[in-house]
Amino acid sequence: MKPYIHIFSFSASLLFANIVQAQGTKVNTDPDENFKQAKEYWQKGQYQLAFSVFKDLYQHPQYTYYTAFSGSEIKYYYLLSALQVNQDGADAAARLFIETEPDLVRTQLLSYHLAEYYVRKKDLANALTYYNKTDIAQLTNTEIANMKFHKGYVLFTMQRFDEALPLLDEVRQLVKDSNYADANYYYGFIVFNQKKYEQALLSFQIAEKKNEYKQIVPFYIAEIYYFSGEHNKALQYAEQKIREGGQYYELQLKQLAGHLWFDKKEYAKAYPYLQEYVKKSDKVKREELYELSYCYYAAGNWQESINGFKQLGGKEDSLAQNSMYLLADAYLKTNDKANARNAFLFCANNNSNALQKEASSFNYAKLSYELGYTDIALRELQKFIQNYPSSSSLQEAKELSISVLTNTSNYKDALVLFEALPTKSDAIKKIYPRILYGRAVEFINDQRLDKAEELLDKLIAAPYNERLIQLASFWKGEIAYRNGNTDEAIQYLVNYLKSPLINGEVNATNAKYTLAYALLKKEQYANALPYFQQVAPVINSYASNIEQDAYTRSADCYFMQKNFKQSLQMYNNIIAANAKSSDYALYQKAIIAGATGKLNDKIVQLQDLIRLYPSSSLVPDANMEIANTYMANENFAEAINPLQQIINNKNATVWHPKAYLKSGVAYFNMDKNSDALSNFTKLVSTYPNSPESDEAIEYIRNIFIEQQQPTAFINFMKQNGKPVSYSEGDSLTYKSAQLKYESKDYNNALNGYLEYIQEYPEGKYAVEANYFTAEIYLFNKKPETALEYYKAVAQKSPNKYAERSALQAARIYYFDKKDYNNAIVYYQQLKLVATQQENRLEAMRGLLRCQYKSQQWKEALANAQELLQEKAAATDDKMMANMIVAKSAQLDNQADAAINAYKQVCLLGKSEFSAEAQYTIAYILLQQNKLADAEKAGFETIKKYGSYDIWVTRSYLLLGDVYFKEKDWFNAEATYKSVADNASNAELKKEAVDKLAQTLNEKNKTEKVEQ
């Protein structure tokens, strides 16, 4: 507490000022008499009168000729009186006199009066200088006491207390001295600060009797009683002075009284004093605010206690820890678990009180679980179990861990935690199938089918799986179908349909649809038909993509069973409904016309397809079928045009080898060997590894032989990488390796293939050798080694193994190497060469994912929209595609459109995409300053997507940003601190640390507590 410094008012200089004009002098008639009269005025303390006379004498030096007094003496008294009446500029003349006058008595006396002058002018440094030039031997006792007091006061004011103390001590003992009370006041201050309370009390009690101090020193007297251990006396005295009123330090007295009642645990009596003190003070100490907050707490005034306690965190001492513990309890009393959780977090991070730290650690974990912070609940429960193995809350902590596993969707961490348990009770084992199923679905949505299948196999083998076994069967069938294991897919889907359960994407409709496709692939058309019909018995313009496709496949089943009448009727229905597969239905109608001998109708309908649906993917098929029809009737000339249409179609490259071959055959049969050879040459040179290229060789041979140019044929073949005959060593080396492969002796097979590739890099079986080498390396879990061999096969496309090789190369670049640019190359190739719909779909998926990873939102938009139109697009495909649509809209500042697209992602299921989508919804709302909505959306991310740490961490930061904008410093601090302490991502951790510092800075500016 800063002492009150009293500045004295020296009013003596003003005495008699009002009578100056009324007094006359005799200076004009008798200078000696005037000088004597002036000295008499001086000696009587009539300084203004003396000054007037001395001034006149001083200003008329000729008078010195008529007096017995010297000019030096007149000047001396003139300066004394000028200083005494505070004449401006007198100090300069006095200082000059002191420096030049040889009379030491006069200079020392004048030094004293000059120092007094400086005291009155508050020029303390100069005052001290001239007090030090004064010899007390020249002063009266009164002047000596006066100088000691004033010099002590000056030193006190300059905070040179050790020098001031002995001077004030002398004066304070002079009871009759005019400065007696003042000296005791300042002396009391010094010894008070020296904790010499007995001496201070005596001095303050003397000072209290003077009016100037009686409303100042009571606070210090009360404090002396308190510091001396006389608490009751301090309280009684403080309350007495408060009742008397008018106290300068009334607030401080009330704070002391409140504190004393607080120490007695009389919180109701302490409360009014402490409340007024805190309310009227700009800043208060932490201890003072704590006491008031505790009074509120004791009275059950939870909200006011919360307002106080929440300002007392952020330190590492016991007061901060206890405040946070009580704050948490107050929040719980108001059912505010969210804020209670944050208070427990602060308490748990404080090491001052071990019991409070343990209890807070447990409650923080428990409330995290109850409020849906599953990632934190799991982490904190694990830490608690590890740190407090003897805790009374240990069993409850373990039970809470089980509850987290049971009720959270955080399957990733749940599985890790379950597998880490040393012993597993039946209760935990009952939860295990749910964890396996949830994590498997996440892997499916993330396109990690191998990982998903491992977990589904564990689920099927686990006890207590009755409620999930059918769901597992559905996904086993779906995965088997996607992987091309048709028989296995049929087995699991049939099993599922025996007692189907519904859970989102898992339903009887989807199972029947996939099962029907599996049977269709097996050419079991009669068995596939009823499942397609159950999915879509009829078709109309409102039918979904799956229903339209299922109805179309039903028609195909009738077609494949040669029930042309029924299939024709169904194809007509498809066209009438203007379904997406109308082009296909028209194509099939043409095929039926051809099959029933109506060749002209067939050609007309195929031409209609080309005309009506010029962008259809079936245009190359239609042209090829027209050409085939003409060639079957040996109308080779008419076949040339549709074949040329295929060759000119840049989007029909997969058909080019066949079109070149048939064009060559048509020209050959028209005896146009030159045109035939031109087409065959183009085929062999452009597509040397295609089956059609090998087929063209015989025609080329015949042309050259017919022209009697065998040597030219041999040269032609060499130029195009087709030597007339491969060596016997080529064939034997390959077949030796192939026999080992077929007998599953993969190690020796691999050695054989590698030997072949080294000896015959361009050999007849180079494609096959590279392909099987890649397959063996992949089987041996060496994907990056396999990659180069898959690439070698894909680069020689088209060939028998190009499709799978492009697929595997793309997968390895994407999943194993994370090289998205190269993955794009092979996904694009796969999309062009794919003959299986599943592979074409995966190519589209892969392209989209690569574009997503490289943030090519605009480039990916068309691909995303195309994928959304695919009938067989899975949930994860739709998630990714909608993410692209959302990102593009966000990039164009179309916030509402972006949010709607992100919501579509979330509705499709739980995956990393939906986690990001939910976070981004919150982020957009925050940018729009919709703080309540942003907070709610951020919480949704944390509660629903605990497996995706990066988005959960970002969501915590976002919540901190919301609180920061709301100026809710307590929750902003708690949230940023939690991320700063626990984030695994270095970038996000630094962001949290920076934002925490900014929050603390803002908090310190606005809160009541002194920092």
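Predicted model: local features only at pLDDT ≥ 70, side-chain atom pairs only at ≥ 80, totals over all residues.
1. Starting with the overall make-up, the chain has 53 helices and 0 strands. Of its 1011 residues, 53% are buried.

2. On overall dimensions, the radius of gyration is 51 Å, whereas a compact globule of 1011 residues would have one near 30 Å. Along the principal axes, the C-alpha atoms fill a box of roughly 165 × 70 × 60 Å. Among contacts with a separation of 6 or more, 54% come from residues 24 or more positions apart.

3. Helix α14 is worth a look on your screen. Its 14 residues, 267-280, reach 20 Å from the first C-alpha to the last, close to the 20 Å expected. Tyr267, Ala270, Tyr273, Leu274, Tyr277 and Val278 are buried in α14. The buried residues of this helix pack against α12 (231-244), α13 (250-263) and α15 (286-298). As a reminder, residues three or four places apart in an α-helix point the same way, because there are 3.6 residues a turn.

4. Finally, consider Tyr325, which sits in helix α17 (residues 318-333). Beyond its neighbours within four places in sequence, Tyr325 is in contact with Phe344, Cys347, Gln356, Ala359 and Ser360. Ala238 lies 87 residues from Tyr325 in sequence and 32 Å from it in space, C-alpha to C-alpha.

Key. Residues numbered from 1 in each chain as written. Heavy atoms only, no water. Helix = DSSP H or I, 4+ residues; strand = E, 2+ residues; numbered from the N terminus. Expected span 1.5 Å × (residues − 1). Buried < 20%, exposed > 50% of the residue type's maximum accessible area, 1.4 Å probe, protein only. Contact = heavy atoms within 4.5 Å. Rg over C-alpha atoms; globule rule 2.2 N^0.38 Å.
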